[in-house]
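Colleague: Before I use this model, I would like to go through the terms attached to it. Please set each value against its definition.

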Amino acid sequence: MSVNFKDVKEANSVDRVTINFNGVAREVGAGMSLAAALLREGELTLRTHPVTKMRRAPYCLMGVCFECLIEVDGRQQRACMIRVKDGMEVKTL
Amino acid sequence: MKQHDLVVIGAGPSGMAMATECARSGMSVLLLDEQPEPGGQIYRAVTKSRLGNSDIFTNDYWRGATLASELYCDNLTHVKGARVWYAQPPADVWFSVDGRSAKASAKNLAIAVGARERPVAIPGWTLPGVFSVGAAQVLLKSAAVAADGVVLAGSGPLLYLVAAQYVSAGKKIKALLDTTPSRNYQAAVKMLPRALIQGQFYKGIKLLARIRLAGIPVHNGVEQIQVIGKDAVQAISWNQKGTVHKIECDAVLLHEGLVPNVEFAVALGCDTSWSPERFAWEINVDESGETSLQNVYAVGDCARIVGADVSEILGRIAGLSLVHKFKGTDSSKRVGELKRRLKRHMQLRSFLDRLYAPGDENILRRTPDTVVCRCENVTVGTLEDLIEKSQGNLNFVKSLTRCGMGPCQGRMCSHSVAALGRTHQINFDSTSHQRLPLAPITIGELAALEDSE
């Protein structure tokens, strides 16, 4: 079992947006970073490390470590630094 | 293109305070910040939280909303989602918003880019499921999510703060492993009387009590932490008084204090120095926050780790000093009052700095396979061989090993290299060269550069 980030009980409800995640339509929470939205759906690893070929997951979530690098609309970006948006084309690396 | 009197980079407590002080006194201010909402990391998402007025966070967090609301004033333009990628002293900056680039010019520049967590280079820290403690807090503040069954490990106020916030959120914590070296308590106790006069000190005591009352297993004097797993975190082991302990878990949150984000100032040419006490590079500033470059200021945690309250005070002092210089307005009475508050706060800060001074072995485990540079997978073993030849020059280490040459540009490894250097009596007085652009940018963004605000 890998780590599971769930809404805390006091959290207000969120709107949903639909993204295309690795070719599959997927509803995720809106109003948060793409990294947070994916962690909330149980998606932990977002890229394969180019040197070690091991899977890597977000570490800092504040734009420093680049471990959440992912392809969004054809461009590699840090998932923690962009807001999730309806219709986003998202591919893990 | 409009010429501003001041451009501020970063909308955390110090940046917001300085921008507001200057704008209210009639200076035209441009505030650029990467996040979609003001607040910096400490008040992250405070104006748009999914947690309403939840008591997971105390007033120390919610008061950030007041600071943020003060940004709506005449003479102040706040550009959200602005990533600054190039700058020339004193105050020409290039930034991009939603893939479009722009240039702004001002007479003065304030760097208020805050802090990050010190890297904790221990075996297994690259495994999926290892996060920084700050990352868990970002998830809680900005997305209202948290995980059950985590292990928190390390040292410093943030470790206990996030543990308490997890408790309030009803989340189970498997264990809290405190790595604060026992010698720190002896050193800090001398500074205790001065810290005792600070209200914040008692908040800390209450925090510790809350964690104990919640029944979280707290282990002190923890050493040699190791995260174990094949494809993701499966367990954590540690040494306590010579005995090895191990528990299963699927997430580990690490924290060994904060370090200033000095890279922007370094790229501009500001003088920095290494602080052996706080184990970090810091930006050299005078009493008003001005750096070695004229009309370039560095305020808040990016110059030296001081915390949110002091950052705000320093932002106000810098703002008022600049207003005085710029407009001749006499604000010596307010500055005097702010400096008295600053002095009181700094007595607690000195105590915290001493108590939570990072232990060498806690921030870098000297086993050959420990990864130092996450981007390029450079290990302790590779670095041990050439660290003495480097003569304290990080650029040498970087050129020979690619350590610090990956996408994070050394932000996740430079302090670990410095830690390894210290065990070899090698001091790294400066960071490696910081090259512009300071943030990733596409050719398209460059090509579309237009002159505007």
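**Terms and values**

Modeller: Of the 93 residues of chain A, 45% count as buried. This is a predicted model, in which local features need pLDDT of at least 70, side-chain atom pairs count only at pLDDT 80 or more, and totals for chains, interfaces and linings use all residues. Residues are numbered from 1 along each chain as its sequence is written, and chains are lettered from A and ligands numbered from 1 in the order in which they are written.

Colleague: What makes a residue buried?

Modeller: A residue is buried if 20 or more other C-beta atoms lie within 10 Å of its own, exposed if 12 or fewer, and partly exposed in between, with C-beta atoms placed from the backbone.

Colleague: Why is chain A called as compact as a globular protein of that length?

Modeller: The radius of gyration, taken over C-alpha atoms, is set against a globule rule of 2.2 Å times the number of residues to the power 0.38. For 93 residues the rule gives 12 Å, and chain A has 13 Å, which is close, so the description holds. Along its principal axes the C-alpha trace of chain A spans about 40 × 25 × 25 Å.

Colleague: What secondary structure does chain A come to?

Modeller: Chain A has one helix and eight strands, in the sequence pattern β-β-β-α-β-β-β-β-β. Helices (H or I, at least four residues) and strands (E, at least two) are DSSP runs, numbered from the N terminus.

Colleague: How many residues does each chain give to the contact?

Modeller: Chain A gives 37 residues and chain B gives 41; two residues are in contact if their C-beta atoms, placed from the backbone, lie within 7 Å. On the side of chain A that touches chain B, the elements giving two or more residues are β1 (5–7), α1 (34–40) and β5 (55–56) of chain A. By class, that side of chain A has 20 nonpolar, seven polar and ten charged residues. Here Ala, Val, Leu, Ile, Met, Phe, Trp, Tyr, Cys and Pro count as nonpolar, Asp, Glu, Lys and Arg as charged, and the others, Gly among them, as polar.

Colleague: How do you know that β1(A) is joined to strand β9 of chain B?

Modeller: Two strands pair if DSSP finds at least two bridges between them. Three bridges join β1(A) to β9(B) (residues 145–147), and the two run antiparallel. One of the bridge partners is B:Ala147, for A:Phe5.

Colleague: Which strands form the open sheet in chain B, and in what order?

Modeller: The order is β13-β14-β15 (chain B), with antiparallel pairing. Its edge strands are β13 (222–228) and β15 (243–248) of chain B, since each pairs on one side only. Five bridges join β13(B) to β14(B) (residues 235–240), with B:Ile236 as the partner of B:Val227. Six bridges join β14(B) to β15(B), where B:Ser237 stands opposite B:Lys246. The hairpin of β14(B) and β15(B) has two residues between the strands, and B:Lys241 takes a positive phi near 50° in this hairpin.

Colleague: Why is helix α15 of chain B called largely enclosed?

Modeller: Eight of the ten residues of α15(B) (414–423) are buried, so the rest of the structure largely encloses this helix. The buried residues of α15(B) pack against elements of chain B including β17 (258–260), α12 (360–363) and α14 (394–401).

Colleague: How do you know that the span of helix α8 of chain B agrees with its number of residues?

Modeller: The expected span of a helix is 1.5 Å times one less than its number of residues. For the 15 residues of α8(B) (199–213) that comes to 21 Å, and the end C-alpha atoms are 21 Å apart, so the two agree. Just after α8(B), B:Gly215 takes a positive phi of about 80°.
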